[in-house]
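Here's a quick briefing on a ligand site and a helix. Have the viewer open while you read.

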Amino acid sequence: MKTYLITGGAGFIGSNFIHYMLKKYKDIKIINLDKLTYAGNLENLKSVGNNENYNFVQGDICDRDLVSSLFEKYDIDYVVNFAAESHVDRSILDPKTFVKTNVLGTVNLLDVAKKAWESKEGFKSYKKYVQVSTDEVYGSLGETGYFTETTPIDSHSPYSSSKASADLMVKSYFDTYKMPINITRCSNNYGPYQFPEKLIPLIINNCLKGKALPVYGDGMNIRDWLYVEDHCKAIDMVINSGSVGEVYNIGGHNERTNLHIIKTIINYLHENVDTSINESLITFVEDRKGHDRRYGIDPTKIKEELGWYPETKFEDGIKMTIKWYLENKDWMDNVTSGDYQKYYDKMYN
Ligand code: NAD
Ligand code: DAU
């Protein structure tokens, strides 16, 4: 029975990953370590709360004593680090918090895992640390070309620079100590349980509440969208079969402008929910500082080496996603109560 330490498992991708893994494997144990920041929500994991293969621990990845105690209590085989401050706009307002969690937290996890896993003979081959990183570390593309694993790191925002720094620390544990690691770099995810500070759930929520839809700049920035379950499948494959020390890019060639995404959501809701939801809600606002123009992943390596491919077409995934938010209005109301409004007013008013 393999034991996974999943960090940040109460957030968007982490909670989807825990659901994916507990559905797929009956013989694994998952320890979910999450600080429960504004972005962490145990509601996301309500249906697995009583699963005997799942344990939740509230705490900070920067807390050395706590992380060490988990390695003492459990025979951890894999660390999968999702824990992060993940929102670019917040990193522009407050870079330090990003450095603390994303860089120092990662180093703490690496160091405790190294101490627990290293022996005179080196590291056991079946142990692995997986860093869940992002395509944003590569910077911004022009109109052509894609990010490959050898594209130079050229991060721009405090968020992406903190993730790039963390990636380099993970790499250093492989290069220096031969600790078994992988780094995954994925494009923009969408799906259930995403916090409505991010484009897709924010637009769905604002449409349903009749609020303005804020479009940064000219709305022609491009992101490469991947359904979250396809990301979870890729991470599982990297844990099991990824070559130690390697980076894997994850993306499904689903490039869309922000305006295209927003209009797709408007059209669906106009046709299926309320005809008063229409393009008059679109409001162009000041551009994000240092806004990356285009992201596009070349997923050839993970496809050829591990046989991964994305199963969900964007046209299907976006409908499934909108339907999920329509069926889970209580979830949206809960996460947009409290401090959310303060954040929203600071950002958009
Ligand atoms: P999220 O913001 O939804 O969730 C982050 C989770 O980490 C939350 O549950 C939060 O409580 C927890 N957390 C934050 N600081 C912590 C700390 N110090 N100790 C313990 N837990 C802490 O983020 P997400 O969108 O699910 O992203 C997960 C990971 O995937 C991040 O590392 C992010 O950089 C990366 N990523 C995200 C995307 C995307 O499109 N969302 C794409 C590529 C990579
Ligand atoms: O590429 C992977 C990254 O994708 C992850 O590493 C990050 O954790 C994740 O947050 C996401 O970053 P983005 O900055 O691309 O996502 P966001 O949803 O914030 O914005 C998507 C695009 O939409 C971006 O070009 C900015 C624009 N946008 C966003 C918001 C919130 C708007 O035009 N209006 C908005 O209100």
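**Around ligand 2**

Of the 24 residues around ligand 2, the ones that come nearest are Thr 134, Asp 135, Tyr 159, Arg 288 and His 291. Bear in mind that this is a predicted model.

**Polar contacts to ligand 2**

- Asp 135, one of those nearest residues, puts a polar side-chain atom 2.5 Å from an oxygen atom of ligand 2.
- Arg 223 has a polar side-chain atom 2.8 Å from an oxygen atom of ligand 2.
- For Tyr 348, the distance from a polar side-chain atom to an oxygen atom of ligand 2 is 2.8 Å.

**Cover and shell**

- On its own, ligand 2 has 690 Å² of accessible area, and the protein covers 95% of that.
- Helix 6 and strand 10 (213-216) are the elements that give two or more residues to the shell around ligand 2.
- Strand 10 gives the most to that shell, with 3 residues.

**Helix 10**

- Helix 10 runs over residues 314-327, which makes 14 residues.
- From first C-alpha to last, helix 10 reaches 20 Å, close to the 20 Å expected at 1.5 Å a residue.
- Its buried residues are Phe 314, Gly 317, Ile 318, Thr 321, Ile 322, Trp 324 and Tyr 325.
- Looking down the axis of helix 10, these buried residues fall within an arc of 155 degrees, so they line one face of the helix.
- An α-helix has 3.6 residues a turn, so residues three or four places apart point the same way.
- The cover over the buried residues of helix 10 includes helix 6 (199-209), helix 8 (258-272) and helix 11 (329-335).

Note on methods. Residues numbered from 1 in each chain as written. Chains lettered and ligands numbered in written order. Predicted model: local features only at pLDDT ≥ 70, side-chain atom pairs only at ≥ 80, totals over all residues. Heavy atoms only, no water. Helix = DSSP H or I, 4+ residues; strand = E, 2+ residues; numbered from the N terminus. Expected span 1.5 Å × (residues − 1). Buried < 20%, exposed > 50% of the residue type's maximum accessible area, 1.4 Å probe, protein only. Arc of directions from axis to C-beta. Contact = heavy atoms within 4.5 Å. Near = heavy atom within 4 Å. Polar contact = N/O pair within 3.5 Å; in protein donor to acceptor, adjacent residues only side chain to side chain. Areas by Shrake-Rupley, 256 points an atom, 1.4 Å probe, with all protein chains shown as cover.
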